[in-house]
Amino acid sequence: MYLLPIRYKYFVTVNLDVEIKNLDTVISNKKIAIKDSQAAIAKYTEQQNNVRNNREFDSLSKEMEFQNLEIELSEKRIKEFTAEMALKKETVTTSKTQLTDREEDLSRKKGELSEITSETKIEEEKLRSKSEKIELFVEARLLTAFKRIRKNARNGLAVVTIQRDACGGCFNKIPPQRQMDIASRKKIIVCEYCGRILVDEKINVVEDLDAPVAK
Ligand SMILES: [Zn+2]
């Protein structure tokens with residue numbers, strides 16, 4: 001759930017970093033252009049001292065006017081780009097803070113998960129040794145069949161109960177007569193669709209799994 005926003009924020013931040021760099025370059029170029037215009041104006045001012053007629057003087061004045069307009073325009077653009085850059089920098093800072101928060105959140109969650117996993121592992125070990133003890137009381141032929149079914153079952157369950165008239169493993173309907181046969185517990189009946197061993201729901205209440213285990 002948290003993964004997508006993190007990636008998104010990272011993506012935005014990286015893109016903004018590039019955009020900020022580009023704006024910085026544009027601003028630098030505008031500053032160079034202003035210096036060039038200023039140099040041109042200085043040159044024209046000097047030339048105006050050595051003109052031969054009014055026409056040449058006016059022509060230089062026009063050039064200077066044009067360069068001044070260019071400078072004004074560049075200054076306006078620099079102002080706009082600087083504001084834009086500040087805004088983008090702010091977004092980057094906010095996004096980076098959020099990213100750090102999320103990453104901290106993620107590492108905390110990972111810590112919690114590994115704690116749970118190790119707890120589960122202990123529980124699993126206990127159940128495994130319990131199941132090994134129980135195996136001693138089961139007929140070898142049945143145990144082999146049980147293990148084979150379990151290995152092939154997608155959810156790892158070899159024995160399932162009937163739930164709402166259906167197999168608890170594959171959810172295919174079980175006919176009433178078959179349900180009665182299963183409930184009678186006279187023989188082991190497997191689901192004709194998935195091959196899992198079917199038992200009636202009451203079996204969990206009646207049988208105590210701890211009972212046959214010698215302690
Ligand atoms: Zn089934």
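Mentor: Along the sequence, the protein chain follows the pattern α-α-α-β-β-α-β-β-α, which comes to five helices and four strands. Helices (H or I, at least four residues) and strands (E, at least two) are DSSP runs, numbered from the N terminus. This is a predicted model, in which local features need pLDDT of at least 70, side-chain atom pairs count only at pLDDT 80 or more, and totals for chains, interfaces and linings use all residues. Residues are numbered from 1 along each chain as its sequence is written.

Now the sheet. It is open, its four strands stand in the order β2-β1-β4-β3, and the pairing is mixed. β2 and β3 (189-190) are the edge strands, each pairing on one side only. Two strands count as paired if DSSP finds at least two bridges between them. In general, strands of a sheet pair through backbone hydrogen bonds, either parallel or antiparallel.

Take β1 (residues 159-163) as the reference. With β2 (residues 166-167), β1 runs antiparallel, joined by two bridges. Here Q163 stands opposite A166, and I162 has C167 as its bridge partner. β1 and β2 form a hairpin with two residues between them, and R164 in that turn has a positive phi of about 45°.

Next, the packing. A residue is buried if 20 or more other C-beta atoms lie within 10 Å of its own, with C-beta atoms placed from the backbone. A nonpolar core is a set of buried Ala, Val, Leu, Ile, Met, Phe, Trp, Tyr and Cys residues joined through C-beta atoms within 7 Å. The largest such core has seven residues: V160, C167, I174, I182, C191, C194 and L198. Two residues are in contact if their C-beta atoms, placed from the backbone, lie within 7 Å. Leaving aside neighbours within four places in sequence, L198 is in contact with V160, I162, C167, I174, I182, I189, V190 and C191.

For contrast, consider the rest of the chain. Buried residues make up 6% of its 215 residues. Helix α2 (residues 54-135) is hardly covered, with two buried residues among its 82. From first C-alpha to last, α2 reaches 116 Å, close to the expected 122 Å, where the expected span is 1.5 Å times one less than the number of residues.

Methods: A residue is buried if 20 or more other C-beta atoms lie within 10 Å of its own, exposed if 12 or fewer, and partly exposed in between; C-beta atoms are placed from the backbone.
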